[in-house]
Amino acid sequence: MNKTDIIETAFQVWGRELFKTTSLSQIAQALGVTKPALYRHFESRGALLDGMYGYYCDHYVGFMKASYEKAVESRDINQGILLMARNFAEYYARHKYIFIFSLIEVYGDKNRDKDILRQFAIRGMDVKKHWFFLEAGDDHPSKAQLIVTAIFFLVTLFHKSRHGKTGEPTNEEIQQFISFAEGVISHGLGFDKNLVNALDFEKLEKSGGHQIPPEGENEGLLKAVAGAVAEAGPWNASMDMVAQRSGLSKSGLYAHFKSKADMLGQMFIAEFDRIVDYAELEQSRSELPEEQFYLAIAAIANYLRSRPEILITLDWIRTRRLDLGVTVPPRIYRIFADIKLEGAGENPGGLALSGETLSQWILFLVVNTLMRRPERFSFSDVSNTSFQILYKFIVLGIEGW
């Protein structure tokens with residue numbers, strides 16, 4: 001047993017639990033050694049996580065560096081972008097547990113997220129210097145951010161589609177997925193570019209929208225639930241924390257919730273219902289499908305900007321893929337699926353997703369756009385320009401740039 005054996009085992013063992021638990025005992029058991037034997041190589045759990053981070057950076061750059069250099073040399077910017085996107089998608093499709101680690105322990109950790117480009121540069125892949133689509137304004141997402149986020153979601157779909165299958169993905173499965181991901185990045189939903197470019201976003205935004213639906217009778221209590229989850233995460237938020245925030249006793253909470261799962265379920269159902277109500281009201285302001293689609297995206301963004309505790313809670317779900325055992329109201333999946341667009345998705349590269357997956361994808365992108373704002377910005381500071389850019393990416397892909 002050496003350090004590499006321990007690290008590679010940690011990716012699999014902790015990855016199966018989505019890093020909800022990171023016990024060295026689990027690693028020792030999987031390797032068939034004692035826990036003290038691990039301490040000869042790693043003095044602590046944190047040291048092992050650091051070792052995994054270094055391994056990930058080496059492994060990722062080793063896979064991506066050749067395609068990165070070709071992309072930098074390409075005279076066609078979009079072709080360079082697609083080359084990187086294809087290889088990025090392939091890397092994470094082939095390496096499931098490294099993907100889980102990167103999503104949770106790298107892009108879900110502000111310190112590692114800030115350090116990642118520096119680590120790539122040290123290893124000879126200076127993305128920040130040469131990656132020609134990193135640029136963004138102070139308050140809107142870069143092209144790289146949108147592409148990386150979209151591929152993360154699509155890779156999650158890929159691995160979810162293989163649930164129950166044994167063995168590594170076949171080359172045929174990988175190539176089909178890469179083709180699909182390339183189509184998404186290239187064309188998005190396949191909307192008519194002329195119709196999209198003709199939209200007057202400022203007019204839509206200045207015409208006046210609806211008020212966010214009023215709070216329900218248990219809103220104060222549900223806000224206490226959301227605040228506890230935003231602070232500690234869904235796993236560690238306790239009934240005691242909610243009781244302290246709400247001013248109720250723990251026993252008093254059981255008059256409202258049967259259990260912690262019921263508490264979380266009620267909060268999410270109430271929030272999803274309000275998001276849907278607001279999005280449908282905003283959609284009703286126009287009869288043009290292209291405008292309805294943008295109004296729905298802007299409505300979700302506006303709602304979450306007004307409810308930062310719900311936004312942070314959804315970010316936990318976005319990065320951890322936590323199964324809360326909550327039945328999501330089916331109507332949330334109709335926000336976008338019910339908008340009829342002639343020709344959308346007919347392009348072979350178009351995003352042919354079900355209403356459920358489409359809504360999840362868009363919610364994933366909206367939450368990411370808000371959460372990855374510059375630190376000096378509050379959520380309310382994120383301008384509508386961000387969501388105009390996001391909208392064009394969703395419906396046109398990089399062809400919209």
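Reply: F11 has a relative accessibility of 4%, so F11 counts as buried. Buried means under 20% relative accessible area, exposed means over 50%, and partly exposed covers what is in between (1.4 Å probe, protein chains only). As for the source, this is a predicted model: local features need pLDDT of at least 70, side-chain atom pairs count only at pLDDT 80 or more, and totals for chains, interfaces and linings use all residues. Residues are numbered from 1 along each chain as its sequence is written, and side-chain values use heavy atoms, with hydrogens and water left out.

Me: What share of the 401 residues in the protein chain is buried?

Reply: Buried residues account for 51% of them.

Me: How many helices and strands does the chain have?

Reply: Take the definition before the count. Helices (H or I, at least four residues) and strands (E, at least two) are DSSP runs, numbered from the N terminus. This chain has 21 helices and 0 strands.

Me: How do I read aromatic pairs?

Reply: Rings of Phe, Tyr and Trp (its six-membered ring) pair if their centres lie within 6.5 Å. Planes under 30 degrees apart are stacked, over 60 edge-to-face, and the rest tilted. The whole structure holds 26 aromatic pairs. One of them joins F11 and F101: edge-to-face, 5.2 Å centre to centre, with 85 degrees between the planes. F11 sits in helix α1 and F101 in helix α6 (residues 96-106), so the pair ties together parts 90 residues apart in sequence. F101 is buried too, at 0% relative accessible area.

Me: Which kind of pair do F153 and F364 form?

Reply: A tilted one, 5.4 Å centre to centre and 55 degrees between the planes. This pair links distant parts of the chain, with F153 in helix α9 (residues 143-161) and F364 in helix α20 (residues 355-371), 211 residues apart. F153 is buried at 3% relative accessibility. F364 is buried at 8%.

Me: Now helix packing. At what angle do α1 and α4 pack?

Reply: Axes are lines fitted to C-alpha atoms, for helices over the stretch in contact, and angles run from 0 to 180 degrees between N-to-C directions. Under 35 degrees is roughly parallel, over 145 roughly antiparallel, 65 to 115 roughly perpendicular, and the rest oblique. Helix α1 (residues 3-16) and helix α4 (residues 45-73) pack at about 95 degrees, axes 10 Å apart. The two are therefore roughly perpendicular.

Me: Which residues meet there?

Reply: Contact means heavy atoms within 4.5 Å. From α1 come T4, I6, I7, E8, A10, F11 and W14; from α4 come R45, L48, L49, G51, M52, Y55 and Y56. They divide into 10 nonpolar, 2 polar and 2 charged. Here Ala, Val, Leu, Ile, Met, Phe, Trp, Tyr, Cys and Pro are nonpolar, Asp, Glu, Lys and Arg charged, and the others, Gly among them, polar.

Me: What about the core?

Reply: In soluble globular proteins, nonpolar side chains tend to be buried together. A nonpolar core is a set of buried Ala, Val, Leu, Ile, Met, Phe, Trp, Tyr and Cys residues joined through side-chain atoms within 4.5 Å. The largest one here has 129 residues, and Y56, F293 and L304 have the most contacts inside it. Helix α4 gives the most, 12 residues. Beyond neighbours within four places in sequence, L304 contacts I275, I310, L311, L314, L363, V366, V367 and L370.

Me: Which residues does Y303 touch?

Reply: Y303 is in helix α17 (residues 289-306). Residues up to four places away aside, Y303 touches I212, E271, R274, I275 and Y278. Y303 and Y278 are 25 residues apart along the chain, with C-alpha atoms separated by 7.9 Å. Y303 is buried, at 0% relative accessibility.

Me: And backbone angles?

Reply: Most residues other than glycine have a negative phi. L18 is not a glycine, yet has a positive phi of about 55 degrees. L18 lies in the loop between α1 and α2 (24-31) and is partly exposed, at 23% relative accessible area.
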